[in-house]
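Morning, everyone. Please have a look at it first.

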Amino acid sequence: MAVQYIYPEYEVVRNYDRCIACRVCERQCANEVHEYLADSNKMVADDSKCVNCHRCVALCPTRALKIVKTDHTFKENANWSGKSITEIYKQAENGGVLLSSMGNPENYPVYFDKLLLNASQVTNPSIDPLREPMETRVFLGAKPEKIERDERGRLKNNLPPQIILSMPVMFSAMSYGSISYNAHESLARAAAELGILYNTGEGGLHENLYKYGKHTIVQVASGRFGVHKTYLDSGAAIEIKMGQGAKPGIGGHLPGAKIVGDISKTRMIPEGTDAISPAPHHDIYSIEDLRQLVFSLKEATGYTKPVIVKIAAVHNVAAIASGIARSGADIIAIDGFRGGTGAAPTRIRDHVGIPIELALASVDKRLREEGIRNNVSIVVGGSIRSSADVVKAVALGADCVYIGTAALIALGCHLCRSCHTGKCNWGIATQREDLVKRLNPDLGYRRLVNLMTAWKHEIKEMMGGMGINSIEALRGNRLMLRGVGLNEKELEILGIKHAGE
Amino acid sequence: MKEGMFRNVSGCAISGIFSKSGRRFSGKLIIDSITVMHERSNGLGGGFAGYGIYPEYKDYYAFHIFYENKSAKKECEEYLEEHFDIINLSKIPTRKVPQITDEPLIWRYFVAPQPTKLADSQLDEREYVVRSVIRINTAIDGAYVFSSGKNMGVFKAMGYPEDVGRFYRLEEYEGYCFTAHGRYPTNTPGWWGGAHPFALLDYSVVHNGEISSYDANRRCIEMYGYKCTLQTDTEVITYIIDYLHRKKGLTLKEICSVIAAPFWSTIERKPQKEREELEYLRSAFDTLLITGPFSIIVGFEGGMMALNDRLKLRSMVVGEKDDMVYVASEEAAIRVIQSDLDKVWAPRGGEGVIITLENGES
């Protein structure tokens with residue numbers, strides 16, 4: 001046997017007093033961790049294959065399994081972590097770029113956790129959402145530049161096309177291909193029931209899902225996969241994807257192995273070919289080119305749908321957003337560096353981009369300084385984990401948030417961050433039929449609806465506490481926020497005061 | 001610390017009296033009304049606005065200015081001379097009242113924009129005046145224009161409103177409309193500029209409440225050239241009304257549907273035309289929705305508007321007798337000056353009561 005440099009990160013612990021050797025774990029694990037030894041009527045596990053996705057743990061009928069982090073260790077070293085050493089072993093072995101999935105897990109500051117919300121006391125009554133109306137309806141889109149009246153003096157409806165949402169949350173772009181059909185169906189049906197929108201990502205739209213078009217954002221990305229007239233017409237809005245928070249400056253690559261059957265058809269590429277989305281759009285090398293694509297898409301759809309331009313949060317995000325706001329876009333989506341992905345080079349995911357909280361604060365501020373904040377709506381994503389994050393994002397200046405990871409977790413994702421292997425045991429990030437069918441869309445969509453319903457209740461409670469009964473009065477209302485443990489510069493960028501001030 | 005450097009939350013009393021026939025009456029009436037609500041203020045601010053009080057100068061902007069010292073006055077007057085033709089200037093007459101102390105220099109100027117400067121600016125006259133006022137208030141240290149409309153004036157100070165009225169000899173003014181404010185701030189404002197009404201051009205606002213949408217409203221309105229130097233609700237509400245009415249051309253009724261918009265559930269029950277209009281206003285001007293408790297009386301040339309927040313979290317009553325309309329935080333403040341009312345009612349939340357002169361002129 002060759003030298004094994006890498007000791008498994010997780011160990012499968014089996015309680016043999018409980019294990020009945022029913023072999024469920026073996027059948028459930030697409031990574032083939034578990035094995036049945038017929039001779040001894042005993043289950044054993046190969047820890048090295050375990051991705052810690054908890055599928056076996058969740059399905060073990062006798063609760064005989066748990067996964068623990070190994071206590072095997074390198075010699076203590078404050079500079080050379082076990083992770084750094086292991087990654088070098090891997091690259092020394094295969095000469096390749098390290099790949100990862102889902103959002104940046106590294107220990108950077110999470111600004112949402114350093115923001116605290118306000119509540120009313122004495123001078124101003126809090127409002128009980130169970131007794132009084134509490135409004136979370138959101139309009140996304142540009143505002144009219146001036147009011148116009150007809151000959152009888154009545155207001156003309158000159159509002160540019162808008163998206164109307166029942167709450168300030170949408171499901172962010174995840175392509176059919178990167179996630180399964182059943183995951184897509186769950187998202188589409190949940191969006192329709194909730195009165196919000198989901199996003200096709202760059203994988204086209206499966207023909208079965210056209211009926212949810214009113215609740216669909218159709219994405220146009222650099223590979224232009226699955227883009228055609230009917231596709232554009234079927235959505236409620238069109239999103240031009242310029243960047244993604246998990247991999248700013250990088251394109252996408254869906255391996256040919258996943259381009260099978262309906263995915264090939266929906267993407268409009270032959271089976272088995274790699275779907276490569278270039279890093280830039282090759283018709284957009286500058287801001288004026290973006291304007292042309294925005295208006296091409298508006299022309300193609302008769303100016304009936306808002307156009308979203310999605311960018312990754314990078315250093316110069318405020319200036320870029322300001323340029324986009326002057327380029328015909330109705331909505332700007334900003335994806336923070338914690339945003340998820342189906343696959344990205346690890347170094348890019350973990351080291352490129354900036355936190356969404358800071359990006360949002362500076363974009364909102366810049367657009368206001370330039371007097372163009374009402375030209376566009378702002379949607380932010382890149383690790384919105386709870387209703388509190390939603391409320392904080394809105395108070396910082398967002399019109400709405402995108403959630404991706406949170407939605408997948410509702411569908412069963414355990415954040416094992418192994419999407420790129422295509423062997424998702426939860427039927428989400430896989431195209432293997434036997435795995436896909438583990439995700440039942442009837443149950444999946446219900447779990448998404450439950451999650452959003454719960455968040456909506458919580459958002460209303462927090463708003464009511466602040467004495468705010470409509471979400472637009474919270475947007476950009478930074479006096480409702482205070483920082484804890486932040487330095488002067490961070491407070492300045494966030495445009496908030498420190499707690500106690 | 002003086003107001004403007006921190007956010008000062010206040011409770012209040014408000015009162016307004018309006019003669020629809022345009023008959024001018026003495027300012028004594030409004031003092032009598034607001035006096036009844038003494039308990040609703042705490043002596044840290046009171047003030048009045050009177051309309052139709054300067055008929056002899058009705059074509060000129062009446063600037064009322066606080067100066068903290070003579071050098072501020074000198075600097076401000078230089079600015080005024082450069083940008084305006086000054087028709088008349090004088091100290092605003094006051095009387096010594098033991099309760100009112102630490103008064104600044106209080107001056108009044110009747111002015112018209114300097115024609116060549118106005119032409120050079122390429123602004124309309126009222127915008128020119130607004131920008132000049134904001135300029136003085138933000139750039140000249142120690143000078144503060146607290147009234148800038150035509151044929152109207154604001155009078156305000158630190159103290160209880162009834163004392164402030166006597167201080168300014170308000171009973172000597174006659175107008176077709178007066179509004180009054182007694183303030184109950186949680187912190188001392190530290191200077192007279194923090195008292196209410198707050199005014200810009202002929203718009204004046206007296207307000208009772210604490211709006212929870214403050215920072216959303218402030219950050220929105222500051223995009224359009226306004227500067228919220230006082231950090232008070234009244235200031236931002238005045239700017240919103242000025243913006244929507246003067247700059248955007250919305251009617252007052254439409255403005256009510258923006259700032260105290262009906263709930264979506266209410267809008268959905270309206271007939272189609274009205275529903276579309278309300279939906280339009282709510283979505284087009286969504287950031288100017290005001291939430292949290294407020295009752296306001298807006299004075300403007302030839303009219304007065306009373307409005308409550310959409311949940312009616314502050315008391316406000318309207319009474320009518322012949323050509324007179326009365327609005328106050330408490331009915332007692334109306335009854336004390338007119339016990340025999342034809343009609344008295346409490347407007348619902350978000351229901352604007354708009355009163356204008358019958359002949360359409362002031």
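One definition before we start. Two strands count as paired if DSSP finds at least two bridges between them. And keep in mind that this is a predicted model.

β10(A) pairs with β11(A), residues 216–220, in the parallel sense, over 2 bridges. Look for Y198(A): opposite it, in β11(A), stands T216(A).

Now a helix on strands of this sheet.

Chain A has a second sheet to show you. This one is open too, with 3 strands in the order β6-β20-β21, and its pairing is mixed. β6, residues 115–117, and β21, residues 497–498, each have a single partner strand, so one side of each is left without a neighbour in the sheet. β6(A) and β20(A), residues 481–483, run antiparallel and are joined by 3 bridges. There, L117(A) stands opposite L481(A).

Next, the inside. In soluble globular proteins, nonpolar side chains tend to be buried together. The largest nonpolar core here has 259 residues. Which of them touch the most other members? I332(A), I334(A), L360(A), V379(A) and V401(A). Helix α14 of chain A, residues 441–465, gives the most to this core, with 8 residues. The core also draws at least three residues from each of domain 1 (10–96) and domain 2 (138–470) of chain A.

Zoom in on L360(A). Leaving out residues up to four places away in sequence, L360(A) touches I334(A), I378(A), V380(A), A393(A), L396(A), G397(A) and A398(A).

Let me step back to chain A as a whole. The count is 15 helices and 21 strands. Of its 501 residues, 50% are buried. For 501 residues, a compact globule would have a radius of gyration near 23 Å; chain A has 24 Å, which agrees. The C-alpha atoms fill a box of roughly 90 × 60 × 45 Å along the principal axes. And among contacts between residues at least 6 apart in sequence, 68% join residues at least 24 apart.

Last stop, chain B. Find strand β14, residues 303–308. Why call it largely enclosed by the rest of the structure? Because 6 of its 6 residues are buried. In a regular strand the side chains alternate between the two faces of the sheet. In β14(B), both faces are covered. G303(B), M305(B) and L307(B) are buried on one side, and M304(B), A306(B) and N308(B) on the other.

β14(B) has antiparallel pairings to look at. One is with β13(B), residues 294–300, over 6 bridges. The hairpin of β13(B) and β14(B) has 2 residues between the strands, and G302(B) takes a positive phi near 85°. Another pairing is with β18(B), residues 353–356, over 4 bridges.

M304(B) ties this together. Its bridge partner in one pairing is G299(B). In β18(B), its bridge partner is I355(B).

That's my tour. Over to you.

How values were computed:
Residues numbered from 1 in each chain as written. Chains lettered and ligands numbered in written order. Predicted model: local features only at pLDDT ≥ 70, side-chain atom pairs only at ≥ 80, totals over all residues. Core = buried A, V, L, I, M, F, W, Y, C linked by C-beta atoms within 7 Å. Buried ≥ 20, exposed ≤ 12 C-beta atoms within 10 Å, placed from the backbone. Domains from an automatic or database assignment. Contact = placed C-beta atoms within 7 Å. Rg over C-alpha atoms; globule rule 2.2 N^0.38 Å.
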